[in-house]
Amino acid sequence: MARIKMVAGNWKMNKTLQEGVALATELKNDVKNPNCAVVIGTPFIHLATVAELLKDSAIKVAAENCADKEKGAYTGEVSAAMVASTGAEYCILGHSERRAYYHEDYAVLAEKVKLALANNLKVIFCIGEVKEEREAGKQNEVVKAQLEGSVFNLTAEEWKNITLAYEPVWAIGTGLTATPEQAQEIHAYIRSLVAEKYDAQVADDTTILYGGSCNEKNAAELFSCPDIDGGLIGGAALVAEKFEAIIAAR
Ligand code: PEP
């Protein structure tokens with residue numbers, strides 16, 4: 001089985017509901033037969049409307065987060081079951097902004113992953129080092145610890161619903177992109193960790209996306225690397241034309 005190629009967008013905290021519907025409508029009209037899986041991650045409040053709008057299209061919908069608790073007295077939180085009930089099929093977890101600004105640690109993320117999978121959501125799990133860690137040559141140990149801390153407890157069966165996204169934090173929203181060589185090197189390393197933990201076949205079937213200032217200009221070169229299966233796109237996913245050009249590059 002050839003692994004799935006994917007371009008996923010992460011809208012973050014951008015777009016009102018009306019703006020989000022307008023962007024999703026444009027994408028629906030333009031993206032008919034993509035060469036890869038296409039996913040858009042939207043704010044919670046958009047999910048039900050956007051999932052309904054895209055239900056017969058080539059585009060799947062993701063939440064950008066879910067709660068680490070099943071249900072109950074957690075004011076303001078949104079559970080994995082609630083996300084699934086909107087028609088969203090994916091959940092982005094472990095994004096560096098959630099780790100940095102909302103203090104999501106390995107244990108919290110492990111709970112979120114468990115609950116997302118238990119509610120039949122597929123998980124796009126983000127890992128990646130900060131600038132100081134890259135400068136100190138510690139990127140490999142950082143991504144290894146992130147995997148061991150939150151997702152390497154999963155069974156091989158559960159792992160089938162995991163997509164990894166390597167996102168060097170120093171490249172997110174900064175305009176700095178990892179070179180294709182830097183990205184390929186660590187993607188291959190991540191795949192080797194999956195092979196060590198599960199087996200070579202599981203590793204070969206695992207989709208690993210690159211994220212961090214990936215845009216319509218650099219996507220083709222990044223995607224030509226053997227271990228880069230697509231992209232997780234922030235800023236460029238907010239403009240239909242740019243996001244569509246990245247999909248076309250995959
Ligand atoms: C992201 O936040 O997942 C991301 C990759 O952002 P950007 O493309 O804007 O760097």
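Predicted model: local features only at pLDDT ≥ 70, side-chain atom pairs only at ≥ 80, totals over all residues.
The largest cavity has a volume of about 30 Å³. Its lining is made up of Gly94, His95, Ser96, Arg99, Cys126, Ile127, Gly128, Gln146 and Glu167. Two elements, helix 4 (96–101) and strand 5 (122–127), each give two or more residues to this lining. If the lining residues of the largest cavity are sorted by kind, two of them are nonpolar, five are polar and two are charged. Rolling a probe the size of a water molecule over the atoms is a way of showing where empty space is left.

From the cavity we can turn to the pockets. The largest pocket contains about 510 Å³ of space, and 20 residues line this pocket, with Lys12, Met13, Glu64, Arg98 and Tyr102 lying nearest its centre. Helix 4, which also gives two or more residues to the lining of the largest cavity, supplies the largest share of the lining of the largest pocket, namely three residues. Sorted by kind, the lining of the largest pocket consists of seven nonpolar, seven polar and six charged residues.

The second largest pocket has a volume of about 360 Å³. Of the 17 residues that line the second largest pocket, those nearest its centre are Met1, Trp159, Lys160, Asn161 and Asp205. The elements giving two or more residues to this lining are helix 8 (156–159), strand 6 (162–166) and helix 10 (200–205), and the largest share, three residues, comes from helix 8. In the lining of the second largest pocket, nine residues are nonpolar, four are polar and four are charged.

Which residues come closest to the ligand? The ligand is surrounded by 14 residues, and the closest are Lys12, His95, Glu167, Gly173 and Ser213. Some of the distances to the ligand can be followed atom by atom. In His95, a polar side-chain atom lies 2.7 Å from an oxygen atom of the ligand. In Ser213, a polar backbone atom is 2.8 Å from an oxygen atom of the ligand, and in Gly235 a backbone N or O atom lies 2.8 Å from an oxygen atom of the ligand.

Is Ser213 buried or exposed? Ser213 counts as buried because its relative accessible area is 17%, which is under the limit of 20%. The side chain of Ser213 has a polar atom that lies 2.8 Å from the backbone nitrogen of Gly175. Leaving aside residues up to four places away in sequence, Ser213 touches Ala171, Gly173, Thr174, Gly175, Leu176, Thr177 and Asn218. Although Ser213 is not a glycine, it has a positive phi of about 55°.

A positive phi of about 55° is also found at His103, which is not a glycine either. His103 lies in the loop between helix 4 and helix 5 (106–118). Because its relative accessible area is 62%, His103 is exposed, whereas Ser213 is buried.

Two threonines complete the tour. Thr42 belongs to strand 2 (residues 37–42), and it counts as buried because its relative accessibility is 0%. Thr25, by contrast, is in helix 1 (residues 17–30), and with a relative accessible area of 27% Thr25 is partly exposed. Along the chain, Thr25 and Leu53 are 28 residues apart, and their C-alpha atoms are separated by 7.4 Å.

Note on methods:
Residues numbered from 1 in each chain as written. Heavy atoms only, no water. Buried < 20%, exposed > 50% of the residue type's maximum accessible area, 1.4 Å probe, protein only. Polar contact = N/O pair within 3.5 Å; in protein donor to acceptor, adjacent residues only side chain to side chain. Contact = heavy atoms within 4.5 Å. 1 Å grid on protein atoms, 1.4 Å probe; cavity = no way out; pocket = protein on both sides within 12 Å on 5 of 7 lines; lining within 4 Å. Points joined across faces, edges and corners; volume = space filled by probe spheres on them. Helix = DSSP H or I, 4+ residues; strand = E, 2+ residues; numbered from the N terminus. Nonpolar A, V, L, I, M, F, W, Y, C, P; charged D, E, K, R; others polar. Near = heavy atom within 4 Å.
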